[in-house]
Amino acid sequence: MNIIKQIKKHFFMVVSTILIIVGLLLVGNHFKTTIFAAKPAPPVPIEQPVTPPAPTPAPEPTPKAELYPTNKLFVTSTRHDYKDGDMTLTIPHLKLDRLPVIDGENSAALAKGVGLMQYSQLPNNGNSNVSIVAHRDICGAEFYYINTLTNGDVFYLTYEGKQYEYLYERTQIIEKDDWSPIYCSDNSKLTLLSCDPIGTTIHRIIVVANLQEVNDIIVENFRELREIPVSATADTPEGKVITDEKAA
C-alpha cells in the first residue's frame with residue numbers, strides 16, 4: 001500500500017514538474033517574441049499628386065487674308081463700300097504726304113486727286129493689288145514725276161487704323177488697254193498708274209511695289225518718313241522696264 005502511494009506521489013511530482021517546465025517555456029517564448037521582435041517598418045509617406053501648371057496658351061497667329069483670284073478683274077465688297085478718303089497715300093520721294101485716295105478713276109474723281117480704280121482691292125496681308133491712278137498733265141500733277149521712282153523707294157497706305165509699307169519693285173511702260181498689271185498675284189502689292197508720255201494717253205506708265213510690313217498707326221511717329229529730293233522727269237521709251245535707274 002505504501003508503495004502505491006509513493007508511486008502516485010512520485011507521478012504527481014513528475015507531472016507537476018513537467019507542467020511547470022512547459023509553463024516556463026511558454027512564458028519565455030512570449031517574452032522573447034515581445035522583446036526581440038523586429039521593429040515595424042516606418043510608414044511609407046503618401047505622396048500627394050502634383051498638378052502640373054496649366055500650359056500658357058500660344059498667341060493666336062495673325063489670320064491670313066483670303067486669297068483673291070489671279071486671272072480676272074473683279075470688285076470686292078470692301079471696294080464697293082469704299083468712300084473718299086478712307087485710305088491715304090504717302091510717297092516720300094514725290095513729296096506726297098497722306099493724300100486722300102478718292103473713290104473712282106473717272107475725270108471727276110481724278111480732278112480731286114489720286115483715285116482708287118474700280119477693280120482695285122483694299123490693302124491686306126493676302127494678295128491684294130491696291131491700284132491707284134492719277135494725272136500727269138495739266139489736269140493734275142500728283143504723279144508727274146512717277147518715272148523717277150526707283151530702287152529703295154517706299155510707299156505708305158493708311159487704312160482702317162493700320163499703315164501698310166511697300167517697297168519699290170519695278171517701273172514699266174504698257175499699252176493703254178493692258179489691264180494685267182492690276183490683276184492679283186501671289187503677294188500683296190501696290191500698283192500706281194498714269195499716262196505716258198506726259199500729257200498723252202498713248203501708253204501707261206506703272207510702278208509696282210511689294211508689301212513689306214503692316215503696323216498699327218502711332219500718330220506721333222507717323223510723320224517720320226524719309227524725304228528724297230525730286231528729280232527731273234522725261235519721257236520713257238516704250239516697253240522699257242526700269243529696275244536699277246531712273247527713267248531717262
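Close-up 1. At 24% relative accessibility, Asp137 counts as partly exposed, a class lying between buried (under 20% relative accessible area) and exposed (over 50%), computed with a 1.4 Å probe on protein chains only. This is a predicted model, where local features need pLDDT of at least 70 and side-chain atom pairs count only at pLDDT 80 or more, while totals for chains, interfaces and linings use all residues. Residues are numbered from 1 along each chain as its sequence is written, and side-chain values use heavy atoms, with hydrogens and water left out. You will find Asp137 in the loop between β5 and β6; strands here are DSSP runs (E, at least two residues), numbered from the N terminus. The side chain of Asp137 reaches the backbone nitrogen of Cys139 at 2.8 Å. Asp137 also sits 6.1 Å from Ile198, C-alpha to C-alpha, although 61 residues separate the two in sequence.

**Close-up 2. The salt bridge between Asp196 and Arg136.** A salt bridge here is a side-chain nitrogen of Lys or Arg within 4 Å of a carboxyl oxygen of Asp or Glu, and by this rule the count comes to six. In this one, the closest N and O atoms of Asp196 and Arg136 are 2.7 Å apart. The pair links distant parts of the chain, 60 residues apart: Asp196 belongs to strand β8 (residues 189–196), and Arg136 to the loop between β5 (129–133) and β6 (154–159). Both Asp196 and Arg136 are buried.

**Close-up 3. Two further salt bridges.** Lys162 pairs with Asp216, with 2.7 Å between the closest N and O atoms. Here too, distant parts of the chain are linked, as Lys162 lies in strand β7 (residues 162–175) and Asp216 in strand β9 (residues 203–216), 54 residues apart. Lys162 is partly exposed at 32% relative accessibility, whereas Asp216 is exposed, with a relative accessible area of 53%. Asp97 and Arg98 form another salt bridge, their closest N and O atoms being 3.5 Å apart. Asp97 is partly exposed at 37%, and Arg98 is partly exposed at 33%.

**Close-up 4. The largest nonpolar core.** A nonpolar core is a set of buried Ala, Val, Leu, Ile, Met, Phe, Trp, Tyr and Cys residues joined through side-chain atoms within 4.5 Å. The largest has 29 residues, and those with the most contacts inside it are Met87, Ile132, Phe143, Phe155 and Leu192. At least two residues of this core come from each of β1 (87–91), β5, β6, β7, β8 and β9. With contact meaning heavy atoms within 4.5 Å, Leu192 touches residues including Leu89, Ile132, Phe143, Phe155 and Val207, not counting residues up to four places away in sequence. A second, separate core of eight residues includes Leu110, Met117, Ile182 and Val208.

Close-up 5. Two strands pair if DSSP finds at least two bridges between them. Strand β4 (residues 115–116) pairs with β5 in the antiparallel sense over two bridges, and Ile132 in β5 is the bridge partner of Leu116. With β8, β5 pairs in the parallel sense over five bridges; there, Lys189 in β8 is the bridge partner of Asn129.

Conventions. Helix = DSSP H or I, 4+ residues; strand = E, 2+ residues; numbered from the N terminus. Polar contact = N/O pair within 3.5 Å; in protein donor to acceptor, adjacent residues only side chain to side chain.
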